[in-house]
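Dear colleague,

I am handing over the structure below, followed by some notes on what was found in it. Please read them with the model open beside you.

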Amino acid sequence: MRRTPYRRLFAATVLVASVLAPMAATPATPVHAAAAVDRHGDEDCPPGGLGPELTARLDRAIADVRKQAGIPGVVVGIWMPGKGSYVRATGVADKTTRAPMFADSFVRIGSETKTFTVTALLKLVDEGRIGLDDPIARYVRGVPDGHRITLRHLAEMRSGLFPYTADEDFVHDLLSDPERSFTPWESLAYGFRHKNTFAPGAQFQYSNSNLVLLGLVIEKVTGQRLEDVIERRVLRPARLRHTLFPEGSEFPEPHARGYTDQTLDGTTADATDWNPSWAWAAGAMISNLHDLRRWAKVVATGELLSPGTQAQRLRTLPTGFPGLSYGLGIFDANGWIGHNGSIPGYETVTVYLPSQKATMVLMVTTDSLVGGQEPSTLLARAVTAVITPENVYDGSVSPR
């Protein structure tokens, strides 16, 4: 039976513990010539790879997942100080032209946007302009139970606010016109017409409503557009020159096409130019492999924040799913710190493993589930089983 769209589109699917049955190894898809060279190396991770045996195992693992999940194109970047690096682009960037996938593609990063929004918020905490335990009602009116829900509850996904992306009318309206532009309040309105799902702080529930509200708080306190705040106060200090917060559906070149089956009739569509405004502070941003590699370490180590504020960010709490805990807009997946992203057409994972100072960035050109699981989760699990068997990534949080 075909899945009913609203039951999966952007709903709070967190961690599916089952694993696809293993398949026989298949040869790796040929790597695009430009992608075979790691141009992002440094003195700790010099270009040259992780050695022939480990590289071959990674090639096989990626090929297996691509076959299992029907992924058109994949970019995998791994950097392990003292050991080396691995950057590969496999598959196709366009299913029609069959152009090969390439490592320098821009990609819609979905919920990885949350790490940027929360970083901007925490910089305001460091400046004493807001407090994490301030009620949202102090900054934004009209939030159900807003006098009891704090900014901390919102960043931790423990507010109890109904996720607007789980509203059937929202899903229908978006999928009926995926190029439509949504304002933050138009998105929130779909969720606010539902009762809150639990008392503030009582449990974990992934909800984009939380991050849209934090975006409004940032705008209220700074008097500036969220897009401008993130550009000036996060992207520039972090030296991320290929990361942006789009105004609408614009998408810088070069980028691969993205494919989704999150459509009204369940068929697969090209979602490359869908307007991400509905996700705004929760999921609208765009980046590339180079910037995501840098951002993984910046966000996990707190380069832009005071040590005390970063410690609060990393104070993760159980989500109810084994191996995954969630802090302030960031997760810990069996030691890997960071976030994943999923938006129609694209999925990403950007994480950092402090114990080995290792970085992993994954970019996938589909968000279509396979066996109830996200392709990026399957890929991350397979890759880490090879490179860090003691720290196998076994969790994702995404707005689906």
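Ile-149 counts as buried, because its relative accessibility is 0% and buried means under 20% relative accessible area, with exposed over 50% and partly exposed in between (1.4 Å probe, protein chains only). Its place is in the loop between H3 and helix H4 (151-155), where helices (H or I, at least four residues) and strands (E, at least two) are DSSP runs numbered from the N terminus. Leaving aside residues up to four places away in sequence, Ile-149 touches Asp-134, Pro-135, Ile-136, Pro-144, Leu-154, Ser-159, Leu-161, Asn-196 and Pro-200, a contact being heavy atoms within 4.5 Å. Gly-201 is 52 residues away from Ile-149 in sequence, and the two are 8.1 Å apart in space, C-alpha to C-alpha.

Please bear in mind that this is a predicted model, in which local features need pLDDT of at least 70 and side-chain atom pairs count only at pLDDT 80 or more, while totals for chains, interfaces and linings use all residues. Residues are numbered from 1 along each chain as its sequence is written, and side-chain values use heavy atoms, with hydrogens and water left out.

As for the chain as a whole, the protein chain has 12 helices and 14 strands, and buried residues make up 61% of its 400 residues. Of the contacts in the protein chain with a separation of 6 or more, 71% are between residues 24 or more positions apart.

Turning to the aromatic rings, those of Phe, Tyr and Trp (its six-membered ring) pair if their centres lie within 6.5 Å, and planes under 30 degrees apart count as stacked, over 60 as edge-to-face and the rest as tilted. By this rule there are 11 aromatic pairs. One of them is the tilted pair of Phe-170 and Phe-182, with 5.6 Å from centre to centre and 55° between the planes. Phe-170 lies in helix H5 (residues 168-176) and Phe-182 in the loop between H5 and helix H6 (184-192), so this pair ties together parts that are 12 residues apart in sequence. Both of these residues, Phe-170 and Phe-182, are buried. Phe-251 and Tyr-346 form an edge-to-face pair, at 5.8 Å centre to centre and with 75° between the planes. This pair links distant parts of the chain, 95 residues apart, with Phe-251 in the loop between helix H8 (226-235) and strand S5 (259-260) and Tyr-346 in strand S12 (residues 346-353). Phe-251 and Tyr-346 are buried as well.

Helix H3 (residues 113-126) packs with helix H7 (residues 208-222) at an angle of about 40°, their axes being 10 Å apart; axes are lines fitted to C-alpha atoms, for helices over the stretch in contact, and angles run from 0 to 180 degrees between N-to-C directions. That makes H3 oblique to H7, since angles under 35 degrees count as roughly parallel, over 145 as roughly antiparallel, 65 to 115 as roughly perpendicular and the rest as oblique.

Finally, some backbone details deserve a look. Most residues other than glycine have a negative phi, and most peptide bonds are trans. The peptide bond from Glu-253 to Pro-254 is cis, with omega near 0°, and Pro-254 is found in the loop between H8 and S5. Trp-280, although not a glycine, has a positive phi of about 35°; Trp-280 lies in helix H9 (residues 280-283) and is buried, with a relative accessible area of 8%.
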